[in-house]
Amino acid sequence: MTLTAATSPPDADTRTVADPAAVVREWNAIATDTIKTSLGPRPSGQVAIWEGFLSVAVYNAVVGIEGGYALYKWHEHGPAKASSAAAAATAAHDVLLTYFPAFKERLDTAYADSLAALPPGQARERGVDYGRRAGARIIELREGDGRFADVPFTASPAPGVWRPTPPAFQPFIDTWLARLRPLLLSSPQQFRPGGPSALSSAAYAEDVQELKVMGAKTGSGRSAQQTETALFFSGNLVAQVQEAVRDHAARHRLGIAETARLFAAVNASATDAVVTAWDAKLHYGSWRPITAIRLADTDGNPATTADPAWEPLLPTPPHPDYIAGHTTVTAAVVRALTGVLGTSHIDLHVPSEVTGTTRFYGSADDLNQDVVDARVWGGVHSRTADVAGCRAGTHVAAWALDHYFQPVDKDGTQPSPPTRTARQDRSAAGNLSGAGRSVK
């Protein structure tokens, strides 16, 4: 990942009274830049946590004034004539400053710029006051949520069990994510999937063989396009999502409430997708492809053979295989998008800092499938872990949108959430195929 300094947002000149939604997009860009710069190239889902916190704070700050949608775990509405743009900037600034105090000077400068672009007066002052309360509400809600708790991974090395991987042999990173109190779900294990394939199974052997051929650093069976796909999704996925959603919201000229809702639904779902993925990683603790292939002579499966020198195309992140964080988050994001937009046509231009290219995705299924394939072709995840992650992420976001960020009636009441069956959730996540599997 290429680190960038937290600078003024690129579209600052478009922030006018006529386009108050630009403030939401700008502070999303500021947040993403701040988080990336602070965490660096950390191969963890932690970045999604901070995006989620910020997005629900901005959402409350905006819809508490604009109306139209149910507040997130809050009942305090703002003054009708307050500036929702000022409220959004204030909530975003305060949340970021609380969690990233080292960036105070940059955040304060950006905040001053945001307010300076809005007409002075009582509306702005009321917006600032309400935004401050909206930000404080989220900070209060997240107290004692388990962040940075000492959560040990205690499983002893054995066939199928995760252990640190070469070349760095880092310990399991950010295990606390597995026990973090979710933003939306009732518990981290609410959508914990069943376990990975048994080592003795044909499905496990098929996964290993596909990885040996298609995920290898050298001598693989990948095409140039498949290698490019693996590289395209090898960087900061959450940052890719933010830029794509900002672009979508700007091109479709979404209003400030609709923009805030879109980011809240996407990022809160992504937050809980990370928690769900890390819960499964900690619970099942399954070994990574590089370990499975190098130690295949210990798995007891006659259909697998060891290759002690095998290396993946991409560096292996320091946490277990099952389930895949990338696919869990991607599926949650696209399910949130389709739920909010009311269509499976997501219309996203997704950039990649790694390849320097941008891809267009019109279909949610196409994006999910590419990320599933990318992690196999990168040699860092089994297809089973990818597909299970995709299904779990879909369940997370489908449930989230049944219970949060819903439109409210004109009298301010929220319609009862629909009852979602397990069959409906399976159908929503069931369009993935093994089409990307190609073993020679």
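**Entry 1: K73 and the ground rules**

I began with K73, which I found in the loop between α2 (46–66) and α3 (84–99); helices here are DSSP runs of H or I of at least four residues, strands are runs of E of at least two, and both are numbered from the N terminus. I noted that the model is a predicted one, in which local features need pLDDT of at least 70, side-chain atom pairs count only at pLDDT 80 or more, and totals for chains, interfaces and linings use all residues. I also recorded that residues are numbered from 1 along each chain as its sequence is written, and that side-chain values use heavy atoms, with hydrogens and water left out.

K73 is not a glycine, yet I read a positive phi of about 50 degrees for it.

**Entry 2: The whole chain**

I listed 14 helices and two strands for the chain. Of its 440 residues, 57% count as buried. I then looked up contacts (heavy atoms within 4.5 Å). Among those between residues at least 6 apart in sequence, 79% join residues at least 24 apart.

**Entry 3: Helices α1 and α4**

I looked up how helix α1 (residues 21–39) packs with helix α4 (residues 104–116), and found an angle of about 175 degrees and axes 12 Å apart. The axes are lines fitted to C-alpha atoms, for helices over the stretch in contact, and angles between N-to-C directions run from 0 to 180 degrees. I therefore describe α1 and α4 as roughly antiparallel, the term for angles over 145 degrees.

On the α1 side, I listed E26, W27, I30, T34 and T37, and on the α4 side R106, L107, A110, Y111 and S114. By class, this contact has five nonpolar, three polar and two charged residues. Ala, Val, Leu, Ile, Met, Phe, Trp, Tyr, Cys and Pro count as nonpolar, Asp, Glu, Lys and Arg as charged, and the others, Gly among them, as polar.

I checked the length of α5: its 20 residues should span 28 Å at 1.5 Å a residue, and the end C-alpha atoms are 29 Å apart, which agrees. The expected span is 1.5 Å times one less than the number of residues. Buried residues of α5 include G127, V128, Y130 and G131. I found that the buried residues of α5 pack against α2, α3 and α4.

For α13 (residues 383–403), I counted 17 of 21 residues as buried. Just after α13, F405 takes a positive phi of about 60 degrees.

**Entry 4: Loops with cis bonds**

I found a cis peptide bond between P166 and P167, with omega about 5 degrees. P167 is in the loop between α5 (122–141) and α6 (202–214). F169 lies in the loop between α5 and α6, and I read a positive phi of about 55 degrees for F169, although it is not a glycine. A cis peptide bond also joins Y322 and I323; I placed I323 in the loop between α10 (289–294) and α11 (325–341).

**Entry 5: The two strands**

I recorded that β1 (residues 345–352) is largely enclosed by the rest of the structure, because six of its eight residues are buried. Six bridges join β1 to β2 (residues 357–363), and the two run antiparallel; strands pair if DSSP finds at least two bridges between them. I noted R359 in β2 as the bridge partner of V350. The hairpin has four residues between its strands, and G356 takes a positive phi near 70 degrees there.

Notes. Buried < 20%, exposed > 50% of the residue type's maximum accessible area, 1.4 Å probe, protein only. Parallel < 35°, antiparallel > 145°, perpendicular 65-115°, else oblique.
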